[in-house]
Amino acid sequence: MIISILLIAAAYLLGSVSSAIIVCRMMGLPDPRTQGSNNPGATNVLRIGGKKPAAIALLGDSLKGLLPMLLGHAVGVAPAVLAGIGLAAFIGHLYPVFFGFRGGKGVATALGVQFGLYWPIGLGVAAIWLFVAKVLKISSLSGLISMALAPAIVWAFWPDRVLIGMQLIITGLLIWRHRGNIRNLLTGKEERLVSKPD
């Protein structure tokens with residue numbers, strides 16, 4: 001029990017480390033919370049800083065979800081604890097204690113959780129994201145569609161009710177965090193994937 005609690009707490013703290021903010025500070029870029037979409041995520045870093053800092057931020061946000069899940073597997077925790085670890089890392093990204101609880105929208109961290117849960121799940125969700133992004137070139141829509149389908153992918157590869165419930169909560173929170181993007185999509189105002197020239 002103590003190990004499970006420590007793993008969940010550590011996952012939240014790691015999730016609270018904002019890769020986008022740290023990368024922008026280290027590379028002399030504006031705070032992503034004050035530029036572009038004002039979201040501390042990789043897509044906004046792409047807008048204000050270009051591909052290299054965005055790729056680093058994306059990797060960092062993904063690892064926040066991946067590493068705690070891999071650690072949970074390594075110590076052999078039950079699926080319920082894995083679900084708690086995944087949710088904690090994801091919520092840490094959304095509401096980071098180190099950055100005034102102003103976090104990102106969670107797609108990259110959710111993908112990290114899914115890859116850490118079971119790599120075919122992550123691969124399936126990532127493939128949907130990449131396909132939609134390539135066709136429609138709208139990051140938010142790619143994230144929304146891939147995460148809306150993620151519970152079905154979890155069910156297909158690991159049909160555990162607790163893990164499916166974890167993914168349903170992640171999907172619900174992610175949709176809530178994208179409510180502004182959804183309004184923009186409905187009115188045709190959502191920005192397409194573009195980057196500042198490197």
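**Figure 1. The aromatic pair.** A search of the whole structure, a predicted model, turns up 1 aromatic pair. Its partners are Tyr118 and Phe157, arranged edge-to-face. The ring centres are 6.3 Å apart, and the planes make an angle of 70°. Tyr118 sits in the loop between H6 and H7 and Phe157 in helix H8, so the pair ties together parts 39 residues apart in sequence. Is Tyr118 buried or partly exposed? Tyr118 has 36% relative accessibility and therefore counts as partly exposed. Phe157, at 43%, also counts as partly exposed.

**Figure 2. The largest nonpolar core.** This core holds 31 residues. Ile85, Leu117, Met147, Met166 and Ile170 have the most contacts inside it. Six helices each supply at least two of its residues: H1 (2–15), H5 (79–94), H6 (107–117), H7 (119–136), H8 (139–157) and H9 (161–177). Which helix gives the largest share? That is H5, with 9 residues.

**Figure 3. Contacts of Leu117.** Neighbours within four places in sequence are left aside in this view.

**Figure 4. Helix H2 and a second core.** A second, separate core has 9 residues, including Ala20, Val23, Cys24 and Ala57. In H2, the buried residues are Ser19, Ala20, Ile21, Val23 and Cys24. What do the buried residues of H2 pack against? They pack against helix H3 (42–49) and H4. Gly28 follows H2 and has a positive phi, near 70°.

Figure 5. Ser19 belongs to helix H2, residues 19–26. Ser19 has 10% relative accessibility and so counts as buried. Beyond neighbours within four places in sequence, Ser19 is in contact with Ala57, Gly60, Asp61 and Lys64. Two of these contacts, Asp61 and Lys64, join their side chains in a salt bridge, at 3.3 Å from N to O. Asp61 and Lys64 are 3 residues apart in helix H4, so about one helical turn separates them. In an α-helix there are 3.6 residues a turn, so residues three or four places apart point the same way.

**Figure 6. Pro68 within helix H4.** Pro68 lies in helix H4. Its relative accessible area is 8%, so Pro68 is buried. Not counting residues up to four places away in sequence, Pro68 touches Ala11, Leu14, Leu63 and Ile85. Leu14 and Leu63 belong to a nonpolar patch on the surface. Pro68 and Thr109 are 41 residues apart along the chain. Their C-alpha atoms are separated by 11 Å.

**Figure 7. A nonpolar patch on the surface.** Leu14, Leu59, Leu63, Leu67 and Leu70 form the patch. Together they have about 400 Å² of accessible area. How many patch residues come from helix H4 (residues 51–75)? Helix H4 supplies 4 residues, the largest share. Leu70 lies in this helix. At 41% relative accessibility, Leu70 counts as partly exposed.

Figure 8. The structure has 3 salt bridges. In one of them, the side chains of Arg47 and Glu191 meet at 3.0 Å, N to O. Why does this pair link separate parts of the chain? Arg47 lies in helix H3 and Glu191 in the segment after helix H10 (179–187), so the pair ties together parts that are 144 residues apart in sequence. Arg47 is partly exposed, with a relative accessible area of 21%. Glu191 also counts as partly exposed, at 41%. Another bridge joins Asp31 and Arg33, with the closest N and O atoms 2.7 Å apart. Asp31 has 24% relative accessibility and counts as partly exposed. Arg33, at 15%, counts as buried.

Conventions: Residues numbered from 1 in each chain as written. Predicted model: local features only at pLDDT ≥ 70, side-chain atom pairs only at ≥ 80, totals over all residues. Heavy atoms only, no water. Core = buried A, V, L, I, M, F, W, Y, C linked by side-chain atoms within 4.5 Å. Buried < 20%, exposed > 50% of the residue type's maximum accessible area, 1.4 Å probe, protein only. Contact = heavy atoms within 4.5 Å. Patch = residues over 30% accessible without salt bridge, like charges linked within 9 Å, V, L, I, M, F, W, Y side chains within 5 Å. Areas by Shrake-Rupley, 256 points an atom, 1.4 Å probe, with all protein chains shown as cover. Salt bridge = Lys/Arg side-chain N within 4 Å of Asp/Glu carboxyl O. Phe/Tyr/Trp six-rings, centres within 6.5 Å; stacked < 30°, edge-to-face > 60°.
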